[in-house]
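User: Could you help me learn how to read a protein model? I would like to go feature by feature.

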Amino acid sequence: MCGIVGYIGNKKAVPILINGLLSLEYRGYDSAGIAVLNSFNNTYKIDFVKDKGRVKVLQDNKDLELLQGNVGIAHTRWATHGSPSKENAHPHLDNSKTFAVVHNGIIENYLELKQKLLDNGYILYSETDTEVIPNLIHLNYKGDILQAISKTLKELKGSYAIEVISPLFPDKIIVAKKDSPLVIGIKDDEKFIASDIPAALSHTNKFYFLDEEEIGIIEQNSVKFFDIDLNEIQKDIKNIDWDAESSEKNGFEDYMLKEIFEQPNAIRETIGSRVSLDKNVNLELDDIDFKNFNKIYIVACGTAMHAGIAAKYSFEKFCKIPTEVDMASEFRYRSPLIDEHTLCIFITQSGETADTIAALKLAKSLGSTTISIVNVMGSSITRISDYTLYTHAGPEIAVASTKAYVCQVTLLNILAIYISERLGIENSDLNIFKQSLLELPEKVKDVLTTIDTIKEIASHVYNQRDLYFIGRGADYAVSMEGSLKLKEISYIHSEAYAAGELKHGPIALIENGVTVIAIATNPNIYEKTLSNLEESITRGANSILVTNQRIINDKINYIINIPEINPILSPIISIVPLQLFAYFIAKNKKLDVDKPRNLAKSVTVE
Ligand code: F6R
């Protein structure tokens, strides 16, 4: 939700800022803007360019040439307060044009602050919550900028990651954050500020992570940190082992397709040395006493929650602990029955999702032990959770999550085996299951060879209005994720149903021209799902079947054959054709698959 970047160094800021914005566009793409400190005869002033539309619009703006300075801040917006427009685009300046601010987050009490500013004679030109920040800094400024910023931050309710520049301190960028991410990349006498690591990865692997309510003063040759009361604090630089190439498209047409094809390797990296045959699973959770737990909650949002649903079966089978999966936005408002005997597992690619953070804080406050499955190193959730396990998917840039999902399901299964072993539960199947886990990368590679078949099927069904996904057990979990992928990037109405539920109501929707996609991979129940598919065919539906069973049935329009695997792990295989299906449908409709409308990669608002 909004991306911010900043640069201070010995180079012209604009090209670096534009590149940073382009790599952060997945966070929002309604409007964009840049402000730099330009100097003339040693006098500095803020110059800025901003507009509605994508970063490309900004790039094509001739006025950008006027921004020559080497200190600058920039923003790409996902609108919350005020529609996408030039006036609402960032940066926002105070009335005297002394302070320019870019902001990611939401100032919840902005109406009250706006009134205070109006009472003090200020004029606010935009509909945004952000515009109060530079004006409050101005109102609070009495000769000491740090005091003014600290006082301003204390007045803000809500979330923020901000960057501030001013001719009053032309050799500095001041940053601060609360509940929105901000990292500072370090390279000799250059500093790169960004909402997410990938925006600075082509410059450096060394990062500082700003923590809650911290302020940073960034200069070309130094970085200092303070808490909100202006006590200086020391921070360690973290080395990030992602490479810059992993944030590029590498010859693929879109990030989404590239990320789908990266899945075998991402799974291999996630398994790493955690699983080997005839040895116990190795996870750094040795000091947890798992005997203490009588319930497991898995909590997440969207695709990450679907990963939890897909892995629930594994926890119940191997750990013999009742396991519930909940969406973070519901969990936190329904007074969940949790205490110190509950293990809460949170799943998140970004590590910044506001609903998941709030649910995690609630679980901690109720005394439960918290483990988070996270992709982005150093992200907020890793700093709040008692324990963090990383998926090693690498940077996921496309808004629709693909490789993070398969890695989340993989890691959750590894965690379930780990807990089972720590509990000493006898299970003769465990080694066979580990063998299946280790085969996942190759099987996912095999399933990617269905690409041409799926492209062909998509070319026949891309103009459909409604599509239904059905499955049972883990196949139902995959149906939900397949349906979400399709909705997100193709804008086709789609729903997922447990196949057995179809006849209890939704079958009334089936008529000529509707497409039903069945996922049937479990040898014990696939025939039941097939019967449900036939019931739809009888009522005029077009049919697609994703299966690892040998099925010959000439009533089914298209059959996609995928490799066989242990049914508990099948979501990791069977989701791949559904990802490709959504991708090719969106391509046929000539849509931007990487940046679907109304969405953003990291959802830092509730
Ligand atoms: C769907 C998608 C979203 C995210 C959800 C949670 O493709 O990407 O549904 O899964 O917003 O995001 P994270 O995993 O970052 O917490």
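**A first reading**

Analyst: Buried means under 20% relative accessible area, exposed over 50%, and partly exposed in between, using a 1.4 Å probe and protein chains only. This is a predicted model, where local features need pLDDT of at least 70, side-chain atom pairs count only at pLDDT 80 or more, and totals for chains, interfaces and linings use all residues. Residues are numbered from 1 along each chain as its sequence is written, and side-chain values use heavy atoms, with hydrogens and water left out.

User: Where does threonine 128 lie, and which residues does threonine 128 touch?

Analyst: Helices (H or I, at least four residues) and strands (E, at least two) are DSSP runs, numbered from the N terminus. Threonine 128 sits in the loop between α3 (110–119) and α4 (132–140). Contact means heavy atoms within 4.5 Å. Leaving aside residues up to four places away in sequence, threonine 128 touches Arg77, His81, Asn88, His92 and Tyr110. Alanine 79 is 49 residues from threonine 128 in sequence, yet their C-alpha atoms are 8.9 Å apart in space.

User: How do I read a pair of helices, say α12 and α17?

Analyst: The axes of α12 (residues 403–423) and α17 (residues 570–588) come within 9 Å and cross at roughly 170°. Angles under 35 degrees count as roughly parallel, over 145 as roughly antiparallel, 65 to 115 as roughly perpendicular and the rest as oblique. The two helices, α12 and α17, are therefore roughly antiparallel to each other. Tyr405, Val406, Val409 and Thr410 of α12 meet Pro571, Ile572 and Ile575 of α17.

User: Which residues of α10 are buried, and what covers them?

Analyst: In α10 (residues 354–365), the buried residues are Ala354, Asp355, Thr356, Ile357, Ala358, Ala359, Leu360 and Ala363. Their cover includes β16 (295–300), α9 (328–331), β18 (342–348), β19 (369–374) and α11 (380–384). Just after α10, glycine 367 takes a positive phi of about 90°.

User: How many aromatic pairs are there?

Analyst: Rings of Phe, Tyr and Trp (its six-membered ring) pair if their centres lie within 6.5 Å; planes under 30 degrees apart count as stacked, over 60 as edge-to-face and the rest as tilted. That rule gives 10 aromatic pairs. One of them joins tyrosine 583 and phenylalanine 584 edge-to-face, at 5.0 Å centre to centre with 80° between the planes. Tyrosine 583 is buried at 1% relative accessibility, and phenylalanine 584 is buried at 8%.

Terms used. Axes fitted to C-alpha atoms, helices over the stretch in contact; angles between N-to-C directions. Expected span 1.5 Å × (residues − 1).
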